[in-house]
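Me: I would like to learn how to read a few local features in a structure, one at a time. Could you give me the general idea first and then the case at hand?

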Amino acid sequence: MKTAAALLVLLFGGLLVYASLEFPAWGDPMAPASRHVSPHYIERSLAETSVPNIVTAVLADYRGYDTMFETIVIFTAGVACLFLLRIFGRRSSESRLYRHLPTGITLRISRGGAVPLSSKEFERIDLQWVPYSVVVRTTCRLIVPFSQLFALYVIAHGHHSPGGGFQGGVILGASIILFAIANNLRASLAWFSEKLAVLLCGLGVSIYVATGALSFLLGGNFLDYGTLSKPFAMGAVAARSLGILMVEIGVGITVMAVMVHLYYGLASAGRHDEGL
Amino acid sequence: MEALWEQILTKANYWMTIALMMVGLYAMITKRNLVKKIIGMNILQTAVILMFISIGAKRGATIPILKHGDAAAAHAPRAVDYINPLPHVLMLTAIVVAVSTLGVALALAVKIYQQNGTLDEADILARQVPRSHEGGP
Amino acid sequence: MTSQLPAFIILLPLTAAFGAFFAGWWFRKAVYPLVVGVLGLCVLLAGGILHAVFDHGSLRYFLGGWPPPVGIELHVDSLGAFMLTLVSSLSLLAAIYAKPSVETELADRVALFWSLYLLLTTGMLGILITGDVFNLFVLLEVASLSGYALVGIGRGQALLASFRYLIIGTIGASFYLIGIGYLYAVTGSLNMVDLGRLLPPLYGTRAVQAAFIFILTGFAIKIALFPLHAWQPDAYTYAPSGISVLIASAMAKTSLYALIRLLFAVFTVDFITVYRPLFNFLGWMAALSMIAGSIFAIRQRNFKRMLAYSSVANVGYIVLAIALVPATLQGLAPALVHILNHAVIKACMFMAAGAFIYRFDRWDIGEFTGLGRRMPWTSFALLLAILAMIGMPPSAGFVTKWYLVLAIIEAKQYPMVAAVFFSTLLMIVYFWRVVEIIYVRPERSPVPTAVRVEEVPLSMRVPCVALGIATFAIGPVWMAGILTPVVTAVNTAFGLGGQAP
Amino acid sequence: MIWQIEFVVLVIVLICGVAAVTVRDLLGAAVLFGAYSFMMCLLWAIMGAVDVAFTEASVGAGVSTVLFVAAVFRTSRRTKD
Amino acid sequence: MDSIVFYSSLYLSLLIFLPLYRAVTGPTVLDRLIGVNAIGSKTTVLLILIGMIYGRVEMFVDIALAYALLNFLAVLAASRYFYKKRDLAADSSE
Amino acid sequence: MARKAQATWDTVISVLNAAKPAQSLRFNRGHLISFLLLLALWIVFSGRFDGFHLAMGVLASALVARLSGGLIFTRPAPKGLPRLWGRLIAYLPWLLYQIFRANLHVLYLVFHPRMMDKINPKIIKFDSRLKSDYARTLFANAITLTPGTITVDVTALGRFAVHCIDDVSGDPLPGQMEERIARVFEK
Amino acid sequence: MDLMAIVLLCGGLFFFTGGAIGILRFPDFYSRLHPAGKLDTAGQLLALSAVALIILDDLSREHLLTAAKIGLIVVFVYLTSPTATHAIVDAGVRAGLRPWEKRPAGETTDDDLG
Amino acid sequence: MTTVPAAVSEMIPSLKPLAAALCPLLAAPAIYLLRRRPNLREAATLAAAALQFLWVISMAPDVAAGKLLGWRLIDIGAGITVGLRVDAFGLIFAITAAFLWILVSLYSIGYMRALKEHAQTRYYFFFALAIFSAVCIAFAENLVTFYIFYEALTFSTYWLVAHHEDAEAFAATRKYLAYLLLSGWFLFAAVALTYSLAGTTAFRDGGILTTAAAPSATLQLLFVLFALGAVKAAWMPFHAWLPSAMVAPTPVSSLLHAVAVVKAGVFAFVRVVCHVFGLDTVAALGLGLWLGIVAGFTMIVGSLYAIGEDNLKRRLAFSTISQLAYILFGVALLTPHGVRGAMIHIPFHGFMKITLFLCAGAIMVVTGKKQISQLAGVGRQLPVTLTAFTIGAVGMCGAPPVAGFISKWFLCLGTIEAGLMAFLLLLLVSSFLDVIYFFPIVKTAFFDPLPATTVGIQGTPGGLREFENPLYLFMVLPLALTAFFSVLFCFFPNTFFLLRLTEVAAGKLF
């Protein structure tokens, strides 16, 4: 088995080597890949979309269709994770644990027992609940808003600097995951609920598709942001830039929601009770 | 000999890429642990991405974000000055696809562990055999 | 309006997927009507596209208004339009069929199921009309990912099956991506038409050869050609019934379509003529696949697994037909014929298998006794499909054999006739066993005095029987030449059919 | 100009990759895979693919590792290979 | 100045091998974690230095920041594992 | 170890303040301060001062302030924040000095040929009188950054466990550092 | 200015070297955290300041902002690095890893350079 | 053959063949719908049979005048159609099948009800389908159509062979399917190869393949493929399926395995030799001799097998194998009389052999005896049946007052025409062997004393039991009729235009 696999892999590598021997040398500016389509992007993107970051321009406009489906791949992953992992309806365990917030005392409520008086004062915790060190938690309290702002900045400035909806979305998601790790999954769920995540999952993609479909209504082809110039009263080039921004926001929302969702699902094995 | 060295040096990227691809593929095929397979899968995917980025590399060029400012606005950007952006775009998409696949794969692995209590493919198959005789799927 | 059709047929199921997803959380009852309605509309749109393609030639749609090498285009040629109709119809039928089993087995995640189902359909439809090689990869992943999830929710070892499907599928996709990378490295383009134009001077280069091999291998994994089929039987066996139907009939065919498209639109037939031995090798692999698939199928007791192995064999038929293309005047006709026929036949069979499981939880062929009386409609449909599969005239399978054998004889590859022959023979062996048990074997367990008819719900029965009848109806349809214009158009589009052997 | 750095990083990447698939502990593998992604990100930054590097930094190094750890947490660290 | 930056970054990249040794050999996961964390801190600087070499620091700063953030996240996640599962022994079989 | 005490479920004692963000919809001072802070941060990030980007900055800051402003200030922000920051900044140089010393110390250890003789790791414990989370965090991080010591654990009651690399490192704790931090926060 | 930057850069590299060697040399996980947590952080501080200085050589609004961003990174690092160190050490304690002690009393992790 | 009018090559469009073919096809659903009303069900069968025969026979005058009637169903394109066309040779087969269907249906009523068989609806249903396939085979315009219905025949008879649903039946059906589907595949390959060589598959009097079309090795290979495809003709050594298939109910054995299925096989042979290759081509390729040798071998060896067989139906099956070889033999001679003999032997053998089978079935139903050795004295119990049996047996041997004489006569003429005296000798030896295995049966039945222990129907020994129960009448009447016809054909060979049709058919060939 192993030797067969090794042979197979060697064959594969051999084929790759065979083909690579005739490749243009690394970094050759005259390589065909650099001469055929890409000059158009480099030389015209600023004029056509007014986006200095060529990658963003190509990603969201010239090849916007790819990116739309990339977002849909992410969305699919989110739905798939929900579909496969999520255990709907909670089986109430033998006993539930509540922590009294002001004192930090933990109560064990056996099955059938009354829920503590005010749910605001009590926090339901996990069986395996471990108090996180105050240091980490406090640091994360500072870092989470900071990184969220940073993420929004990344989304908003995808035109001018590296980044864009996807990266920003991941960082946004990471900030919520950070919160969940620094505290626990229940606190995180109370803050950023599953339903919200689900809503945002679909919302982001819908924004993307709607932006593209808007150009239908305005008489253009799908994803032709240039047509947005009519309702927004701006030039076609600026309209493209705006379209790219809208699309990036959609991507960011989806990516954030899906990342959070994946984390919730994986860390709790679909039960959404106890996290990492 | 010269030519060989030249081949090796000018295409070091490709050779490393190939090595990585082989590592990833080997892991995917031979490793029995599901998470190991997933890691192998990711290595393979990243290696492919690396290959694409290497294709797009351009000597003497800068990152594909146009310099803005007074001087740059005056003349149109020239293709030789900037790295080919297209592979970057494609690979952004490929990374996203990779992470999505990763998410689904991990979800499956977690589910499999819940069902079988092990992540070892051979063990799972071993316990599947007696079951297949007594009842349907 | 016609010009916007290609975008619509993608957008429709896509938005419906979001719709189903949202509706699952807030308005559950709307999900199923939405799905069926949208898929029905898709079928209509596909018909419209087919019509438009035959009226005006292939449709090209520039997304974002960017002309092709720069932007992405949708390119619907006659083959694509034909496949669109096929896939959307199968998707609709499978959706109708899947309803009862989904509602009983996956009660708490119905909406998610349908959402993924629509995403799968979207991915497949997208593959059929895209004109960009990288876009094809992305769409392939959309379809695959939703496919993995849908397979994984099945019973038994579905999860492991899905996992293997995922791993091997990812290898396939990565191979394809490597192939694209090589093509891109030597041409700098990703558009299919553009590549077809740029490639001819580069045929001798190693990168193109390697690209060809990688793309071929990648798709061989996706379509489960013999040595690379390891993921397929488990995935087909354990997937939920509706999904087995869709994946086995439509998904495999979509990958085949993509392979055909890449071979003949990107590499073009000239490349193939240059590398004829490679194609002969492919033909031998296909022959191996036909025979090995059938031999494996004989050993199975699980009906769905048997069907899965039978698919391996049947894919061999199609690949053989593709491999023969450069040598015959018929061009893609045999491949096309079998793509349609096998899709219909296999869909019907998986539907019947699913019905047996749904009603009686019987999956072992040995336990099928008495089903012919208990489930007369479903069994009848299965019987028709089996007869069609083993090529009883005038069914669909007969037409396949006819075209295929003619092509083989024309190509003078007589050993292939023996391979086809042997494979069909094995097919008879394992399929006839089923007929015998269903219809003529007496029921083993306490013999019922009056056999109660216990059919599956109407929504499962109707698609199954419809497809069963279709397996026989398609034969005359092919023979009457109703679909000949499609074949001719496809051959013309790819510049095939003109080469003398 | 900076191919020397690139070469060094390539070697590191390779080491990380091999280590990630050979180490007999899934958590360790996840951590090493994180390192692999870090190095990949660096490599792409060196090649001028800033957007890709950014994505890899956020996805590969961050979220992927977390997802791996979460999955390993919910399953088992033990592995036979 | 450019050459100084270049050689510094080359030196830094070579320096990565040391924590890499720790990350690869272990012996415990936490040792690996330390190694990876150290690699991460070097890489942050390295990214900025590469930005210097390209002359476009402003583009690389964002990456470095995101990098630092996510490195922190990864380390936290991995260490959080041991809060709930105390099976450090699992990897002594190594 | 301190862990044992924590492991018993019946009396889990931990940080008193919940990490839950404020749930009130009212826009309070904490939010406003967060917003302004974040806006300032945005400007540093963005580096663009045209209307469009600034508007986006305002939007983004408002969003984040609304969403997670409650994380920075769990209750309406305490009065006298500017003064607190002033003291904090005044404290930093001293901290930096300490950090520098710490680094030199560790460097000395690292390069010392007979390192093993020099070091003598041990864990010491002491109680701190600091009360607020920020103060304790700052103290703990400061300990971690300063000579030869790493905070291992901080309990809810303010008991610090510190790992010291050698004999001398742990001696000055809590000592002067706690004094200074207490002066920053608790006036 | 340049000279200062170079000095800072070299200092940063020196600290980094120390950190890297320390990680290798120290006997156990707890003591390894000392160089990892402190020296690397200091190295980052110095090296990043050096870069900021080099940028500020050519003083413009953009460069000022970039320098400010680098400052932000430094601040960020100084927030996270000790926290990360703390998290790791905490994890070690909870996982039951016993610190290396000078008196050889049943250590298990004493297998490194020394 | 001066009496034959000038060949009318043009096909006259006519719906008659279609109508004739549709009778059983439409009867099938009717049978299924009437499954709860057995009387009506069987009435439907009979009605369809009668109607079909009328349609078929109504075409005879036209065809006998040398016309071709036909109807194209669909065009596959590139020169391939699925269509029906009636020529003289096809009509001979069709008349035989259609007429015998009436009688066998009658017989089935008695047989099935007497034995209280299960699944009678299925039986009638697939019987109708089998007849439909057989008639379509007879009327097939080209090889593709032929092949389509050839396969359909296999599948529809499958259910009849598997009727008993026991282990023996399944073993038999597996063998049956294995042989026939396999051969179907060879036929398919042969059809495809023919198409690619000749560009058409339509049957034509002079043949569609010429020696110029392909190397003679290819053509010989093609002929071998066709021969393998016609395993339905049960030529040795590919005959084993036929005796096994005798597990089917007797009416099935009688009609299908004496008439429809096996005759479809030999029909295929004749078609291939006469209308695909053409006699000239076959002669040029030297295939006639080989075919003759195979046929002669089958004749002799089949008879020898029959001698050793004790089971009555199986002995009849081997007899069938041997007799079918006569037809092949006749074709192999490639002479006018040989071919005519072959063609006329198809209906004549059908009538005679069906008589024998029906008798065997009747004996089994009435006395429960299946082995020849048990038949002692049965002739006295069932005089009519055994008389009919004797007539059939005499015909098989080729003795004068029965139809077999006519065909044998033609065959002998053919051998003389061809100048192959060895073959003449072969024929005579074979006839002698026929006598050897048929005579003992007649002797045992009539002249051996009834064993004392024998218990007749309803416990009463001896006597003319066959008229006691009205159900038996359903059985006796058809076999009496077929016996009668067998004799009639000897004196009036042109009944149902049969002789005339062979004349027309052969006339066009030479």
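**Reading local features**

Reply: Let us start with a single residue and its surroundings, keeping in mind that this is a predicted model. Leaving aside residues up to four places away in sequence, B:Val80 touches B:Lys58, B:Gly60 and B:Ala61.

Me: Where in chain B does B:Val80 lie, and is B:Val80 buried, partly exposed or exposed?

Reply: B:Val80 sits in the loop between helix H4 (70-74) and helix H5 (85-116) of chain B, and with a relative accessibility of 36% it counts as partly exposed. As for B:Gln45, it is 35 residues from B:Val80 in sequence, and the two C-alpha atoms are 29 Å apart in space.

Me: How should I read the packing of two helices, and at what angle do H13 and H15 of chain C cross?

Reply: Two packed helices are described by the angle between their axes and by the distance between those axes. In chain C, the axes of helix H13 (residues 333-360) and helix H15 (residues 376-389) come within 9 Å and cross at roughly 145°, and the crossing is left-handed. Among the residues that make the contact are C:Ile345, C:Met349 and C:Phe356 of H13(C), together with C:Leu382, C:Ala385 and C:Ile386 of H15(C). By class, this contact has 12 nonpolar, three polar and one charged residues.

Me: Which peptide bond is cis, and what is phi in A:Ala269 and in H:Phe497?

Reply: Most residues other than glycine have a negative phi, and most peptide bonds are trans. The peptide bond from H:Met236 to H:Pro237 is cis, with omega near 10°, and H:Pro237 is found in the loop between helix H7 (216-229) and helix H8 (241-244) of chain H. A:Ala269, although not a glycine, has a positive phi of about 50°; it lies in the segment after helix H11 (236-267) of chain A and is buried, with a relative accessible area of 2%. H:Phe497 has a positive phi near 60° and is partly exposed, at 31%.

Notes: Residues numbered from 1 in each chain as written. Chains lettered and ligands numbered in written order. Predicted model: local features only at pLDDT ≥ 70, side-chain atom pairs only at ≥ 80, totals over all residues. Heavy atoms only, no water. Axes fitted to C-alpha atoms, helices over the stretch in contact; angles between N-to-C directions. Helix = DSSP H or I, 4+ residues; strand = E, 2+ residues; numbered from the N terminus. Left-handed = near helix turned anticlockwise from the far one by under 90°. Contact = heavy atoms within 4.5 Å. Nonpolar A, V, L, I, M, F, W, Y, C, P; charged D, E, K, R; others polar. Buried < 20%, exposed > 50% of the residue type's maximum accessible area, 1.4 Å probe, protein only.
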